[in-house]
Amino acid sequence: MSKGIKRAALGLTLCFFILSGGLAYWQIIASAQLLAKPGNLRSVYLEQQIWRGGIFDRNGEILAKSYSPADAAKILGHPIEAAITRPGDNYPQQVVLFPQGDAFTHIVGTYSFIYGRSGLEASLNQILLGLGPGESVQSHAGQLLKTQRRGNDVVLTLDSKIQSAGVQAFKGKLGAAVAIAPKTGQILAMISSPTFDPNQLDNAYSTIAKTGNQVFVNKAISSLYPPGSVMKLVTSGGLLRSGLDVNALYDDTGHARVTQNGQSRDVVEIYKNGLGEINFFDALAKSSNTYFATRSALAGAEQFLAAAQRFGFGQRIPLSEFADSNNGVLPSSITKDGVPNALSLGQLMDSSYGQGQVQVTPLHEAMICAAVANNGVMMRPALVERVLNPAQQTIYRLQPKVWLTPLTPQEAGLIRQGMQDAVVHGTAQGLAISGVDLAAKTGTAEVGGPIKTTDGWFIAFAPAADPLIAVAVVVENGESGSGAAGPIARDMILAALRESR
Amino acid sequence: MFRRPVANLSLYLYPLAVLWVGIGILYCTVKGTEQILWQASLFSAALLAFFLLNQVLGYRGDRFLLPTTACLVVIGLVIITRIDPELARKQFLWATVGLGISAACVWGIRDYRRLGRYQYIWALLAIIMLAVTLFFGVTSGGATSWLELGGFRLEPEEMVKVAMIIFLANYLRNNRELLAIGTIQIGRFSVPEPRVLGPLAMMVGVALLLLAAQKSLGTALVFYGVALFMVYVATQKGTYLLLGIPVFLATAWLGFKIFHHVQTRVEIWLNPWSSVYAQGSQIAQSLFAIGNGGLWGMGLGQGFGAVKVPAAQTDFIFAVIAEELGFVGALAVILLFVVVIYRCFVIALKANDEFGTILAAGLGFLFAFEALIILAGVTKLLPLTGIPLPWVSYGGSSMLVHMFMLGCLSNISHVSERHSAPLQVKLVKGIAG
């Protein structure tokens, strides 16, 4: 029997050897990577030794700041609960508070001893702690932390007035909104609804979690919605590039049938009797599905797909603070495969007015709108405007950078004209702002699933000639875009214009 | 009588040093350690008494087995003290009683071969214990593996392990030739008669079914592996091992399809870091702790895992060890296990009867599989199936049963050495007659 025992012993020793290898992997190779995982609170405890920097909006309003536990308890009106209950521990030594309450929860994030960090509190952690790239709290655990170190302050591009106006208008509705400065790509506001007060996370986690509706997800970047008619900006880009005669009239009878290569497809308008004789501007202003579907079929799928590609579909949006695949920016897509090489006739016609399998993030839709506003140039989106070291010297300042150029200035001008018409005599009529030249597009997207619902979209920029702000708002179960999402966008634009005065 | 007293004593100084250094550090840093001092003294005294008893009565068996195991026991005791001094008080008691049981096993049974006399009694006992647990047991953590008796919580599957291995050792001793050769020809293969194979298949099958019904999947896996390797060792036929793999895969697949919690386990195993706000799974917390240990560890009493990892004192105790003692400490624990298991096989090879060989090897396999399955689960090499880490994890049943097995092994070793020693020939004849 000795041979069998010896062989078995050898095999088992090998197993223990592999086990030791696995252990070495986690303890030595993957150690730093594990420390950075969300939900790993070890770094949160170690970081307590460094006085964490604050986060401010573009005007210096405090969005997040560190307080001593005693001060924090005074401000919150209840004692700070320590997550570590072992006697003799002196945690926490500082508490991050969010004076703006529930307004910035998803973008600025949360900081908790129980639930860890999220949002910018997570992605800007190294900067807020004043640690250089590659430096870790763990590697300093010994000497460096004994001296009172301070982290850097971060000034964001966000504007709390625009953000608050949007959050106020969103109360009771579900969805997301993003506002961008078209010329610089600076993100002015980013809203996800429902929201919660990050100061109450430890206290009221179960109540917050019961809210449902993806309360913990930043829908502005991590949720994909069918765009409905706001997709027609992209479709227009393709049509104009293919040489569309914008003044040619098309008879919208409320119904159209296209037959190509033996395939045949119907489009039905919401308006039963159609819009009559319309040109490109009317079609955009009044949002004719038959116009865009039939013109796209004539121009061919390549034109539409090329335009989608130019607008950044299928690509990861370069928002470096949210580049992580978990809870980061999702890429928009035309079909399940991103941007495919070809589309069937039916897919093409559905996609031309933002149905079919087309999916976008609110951030991307705001960037599309901003590109039209900015003469066809899509800027790289940005959230961090400045970083200040503890001595309040600027160690980083944002430089605007171009990401894509989806349209020529002429093409952008034509689409802008259609969007201005929409406000004057089109689908966005009710939302005109007196004295302001507004350009807008509405969208109403059908959402598949067991119960059919519709998401309302509203994208707009103003002033049309010299745009300061571009907004994209989506309201889930929002029926029509002008009804639910329009007023939110309007409030945000008003806040921006009021400030610029 | 007194063979190599200084060399032997020096082996026992290692566990004692580990225990008192550990307790000393915790005494300075963690509150509530004071109450442990008495318990630790009692345990130390018991360990030294065991050593003295062996010296006085002329223990001739394996010198390394007991001190090495004692090292594992004291590492467990120190870590449990660090996690929860209140629990540690109980565990010290179990460990001390365990030493007594072990000593009684070495010197009380006199000859391990008595254990093999009533093979079907052991089998029946195992099945009954499992069945009783299934029907009257208490469910905790998804598994129905505990019996409540007058305030004590008993885990019968631990005792079933002993019964199973003794039954198998005896059965294989009696039938190994028939199992190895096979009497029925099917094509090129010769297969043992059903009459021979029957009791084995039935016993193993029923035990596995009962364990699956209790949802003690980790223990079921240990049983299966141990039974398979014992059959392999007894018959020397690799075919049994080769056949065992597809049977295992089929069973695992079936379990995956039938049990919802198996699917959850596998899902968690594949992606333990799903949510930002939820603190992640047990396995994520375990890996966070292990990763934080690095090469040298955070230092005893300095880790977060002792508070943050669920079931830190039982299934996940290794994660706490890895965080506080580092890769170096965790590797030491693994090496101690390798040494203990290696000694089991040495005892098996030196045993001068087949029952002793198969029994010792079986116990070696048991320790190996127990350690491998929980350690691989905790380090995400395999999906997690919660079982205690032998001698280290908190738990009275496990401690007592494993101490008993340690006693059995010492007894096999002692009896074998005594028999093979030329001066003792007369004594051997006496016993044999």
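Biologist: Among contacts in chain A between residues at least 6 apart in sequence, what share joins residues at least 24 apart?

Modeller: The share is 69%, where a contact means heavy atoms within 4.5 Å. The model is predicted, and local features need pLDDT of at least 70, side-chain atom pairs count only at pLDDT 80 or more, while totals for chains, interfaces and linings use all residues; side-chain values use heavy atoms, leaving out hydrogens and water. Residues are numbered from 1 along each chain as its sequence is written, and chains are lettered from A and ligands numbered from 1 in the order in which they are written.

Biologist: Why is A:Ser287 called buried?

Modeller: The relative accessible area of A:Ser287 is 7%, and buried means under 20%, with exposed over 50% and partly exposed in between (1.4 Å probe, protein chains only); A:Ser287 therefore counts as buried. This residue sits in the loop between helix H12 (280-286) and helix H13 (289-299) of chain A, and although A:Ser287 is not a glycine, its phi is positive at about 60°. The helices (H or I, at least four residues) and the strands (E, at least two) are DSSP runs numbered from the N terminus.

Biologist: What makes A:Gln392 count as partly exposed?

Modeller: A:Gln392 has 46% relative accessibility, so A:Gln392 belongs to the partly exposed class. Its phi is near 65°, again a positive value in a residue other than glycine, and its place is the loop between strand E16 (384-388) and strand E17 (394-397) of chain A.

Biologist: How do you know that A:Glu121 forms a salt bridge with A:Arg52?

Modeller: The closest N and O atoms are 2.6 Å apart, and a salt bridge is a side-chain nitrogen of Lys or Arg within 4 Å of a carboxyl oxygen of Asp or Glu, so the pair qualifies. A:Glu121 is buried at a relative accessible area of 1%, and A:Arg52 is buried at 4%.

Biologist: Which class, buried or partly exposed, does A:Arg386 fall into?

Modeller: At 22% relative accessibility, A:Arg386 counts as partly exposed, whereas A:Glu385 has a relative accessible area of 15% and is therefore buried. Their side chains meet in a salt bridge with an N to O distance of 3.4 Å.

Biologist: What ties B:Asp62 to B:Arg343?

Modeller: Their side chains meet in a salt bridge, at 2.8 Å from N to O. B:Asp62 lies in the loop between helix H2 (36-57) and helix H3 (65-83) of chain B, and B:Arg343 in helix H13 (residues 317-350), so the pair ties together parts that are 281 residues apart in sequence. Both residues are buried.

Biologist: Which residues touch the most other members of the largest nonpolar core?

Modeller: They are B:Phe337, B:Phe365, B:Phe367 and B:Trp391, in a core of 152 residues; a nonpolar core is a set of buried Ala, Val, Leu, Ile, Met, Phe, Trp, Tyr and Cys residues joined through side-chain atoms within 4.5 Å. Not counting residues up to four places away in sequence, B:Phe367 touches residues including B:Val340, B:Ile341, B:Trp391 and B:Leu409. A second, separate core of 129 residues includes A:Ala103, A:Tyr250, A:Ala301 and A:Val423.
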